[in-house]
Amino acid sequence: MKVSAENVKKELALHASPARAKILRGFFKTGKGDYGAGDLFLGISVPTQREVAEKYSDIPLRDIQILLRSAVHEHRLVALLILVDRYGCSDTMEKERILRFYLKNHMHINNWDLVDLSAPHIVGRHLLDRQKRAIYAFANSNHLWKKRIAIVSTLTFIRHNRFEDTFRLAEILMNDKHDLIHKAVGWMLREAGKRDVQKEELFLKGYYKKMPRTMLRYAIERFPEKKRKSYLEGRV
């Protein structure tokens with residue numbers, strides 16, 4: 001059976017919950033002037049969206065783009081979940097095509113969950129053993145979501161015990177003004193520390209006094225209480 005973006009939208013509409021949508025609009029900061037301003041929600045859980053993505057995994061790329069261009073958050077997330085699944089089972093040429101498609105459509109990957117559930121699995125996986133100019137270009141941009149894609153993509157590198165790019169991107173983003181970047185960088189530093197706390201601390205000792213407070217709190221969240229307080233009080 002031929003499937004299209006309209007099939008996906010109709011399927012998602014069956015699971016809509018206005019009450020949940022109202023909660024999500026607040027959670028994802030959709031008010032005027034907020035980072036998610038204008039984002040529309042149907043009110044569907046992520047597990048349900050994963051089920052829909054699996055059901056429509058063979059949808060053509062042109063229809064994935066239609067979903068990505070939708071103002072409805074769940075349409076975009078399902079599109080990205082399909083891309084993640086497709087990337088995992090594709091050959092080298094198709095993987096390259098998916099990466100290019102993802103980077104080209106970055107303007108529609110415009111909320112933190114959309115980034116976090118896709119960037120490590122597409123950008124991170126693809127660039128693991130390749131040159132990484134794309135994420136450095138994103139990190140040096142003036143675009144919130146490009147910067148978050150850059151740093152969160154390194155989660156895949158971290159899981160392979162490769163920390164250099166995480167630390168280099170953290171330096172680039174150290175003086176960023178947005179709370180969502182502070183949280184993302186701190187999160188990646190914390191993940192690196194789970195695998196090699198000495199390397200994380202070596203980085204932190206050079207930067208912890210000048211990094212944003214939220215970034216530092218996220219980075220040291222798993223430290224013993226005494227050491228965590230020493231960092232917060234500037235006594236390391």
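Visitor: Are phenylalanine 28 and phenylalanine 41 buried or exposed?

Guide: Both phenylalanine 28 and phenylalanine 41 are buried. Keep in mind that this is a predicted model. For burial, read the relative accessibility. Phenylalanine 28 has 6%, so it counts as buried, the cut-off being under 20%.

Visitor: Where does phenylalanine 28 lie?

Guide: In the loop between α2 (18-27) and α3 (46-55). From its C-alpha to that of valine 46, 18 residues along the chain, the separation is 14 Å.

Visitor: How many aromatic pairs does a search of the whole structure find?

Guide: The search finds 10. One of them joins phenylalanine 28 and phenylalanine 41, with ring centres 5.3 Å apart and 20 degrees between the planes. That pair is stacked, because planes under 30 degrees apart count as such. Its two residues are 13 apart, both in the loop between α2 and α3.

Visitor: Which residues form one aromatic cluster with Phe28 and Phe41?

Guide: Phe27 and Trp112 complete that cluster.

Visitor: What lies over the face of tyrosine 87?

Guide: Look for a charge above a ring. Lysine 95 takes that place, 5.1 Å from the ring centre of tyrosine 87. A second case is lysine 132 over the face of phenylalanine 157, also at 5.1 Å from the ring centre.

Visitor: Now the core. Which residues touch the most other members of the largest nonpolar core?

Guide: Start with the general idea. Nonpolar side chains tend to be buried together in soluble globular proteins. Here the largest nonpolar core holds 73 residues. Leu83, Tyr102, Leu189, Leu204 and Met211 touch the most other members. Take tyrosine 102. Beyond its sequence neighbours within four places, its contacts include Leu80, Leu83, Ile109, Val115 and Ile149. Ser118 is on that list too.

Visitor: How many helices and strands are there in the protein?

Guide: It has 15 helices and 0 strands. The radius of gyration is 19 Å, close to the 18 Å from the globule rule for 236 residues, so the protein is as compact as a globular protein of that length. The C-alpha trace spans about 65 × 40 × 30 Å along its principal axes. Buried residues make up 53% of the 236.

Visitor: What share of the contacts with a separation of 6 or more comes from residues 24 or more positions apart?

Guide: The share is 69%.

Visitor: Last one. Where is threonine 214 found, and in which helix?

Guide: Threonine 214 is in α14, residues 213-219. At 24% relative accessibility, it counts as partly exposed. Threonine 214 touches Asp179, His182 and Lys183, not counting residues up to four places away in sequence.

Technical notes: Residues numbered from 1 in each chain as written. Predicted model: local features only at pLDDT ≥ 70, side-chain atom pairs only at ≥ 80, totals over all residues. Heavy atoms only, no water. Core = buried A, V, L, I, M, F, W, Y, C linked by side-chain atoms within 4.5 Å. Buried < 20%, exposed > 50% of the residue type's maximum accessible area, 1.4 Å probe, protein only. Contact = heavy atoms within 4.5 Å. Helix = DSSP H or I, 4+ residues; strand = E, 2+ residues; numbered from the N terminus. Phe/Tyr/Trp six-rings, centres within 6.5 Å; stacked < 30°, edge-to-face > 60°. Lys NZ or Arg CZ within 6 Å of the ring centre and 35° of its normal. Rg over C-alpha atoms; globule rule 2.2 N^0.38 Å.
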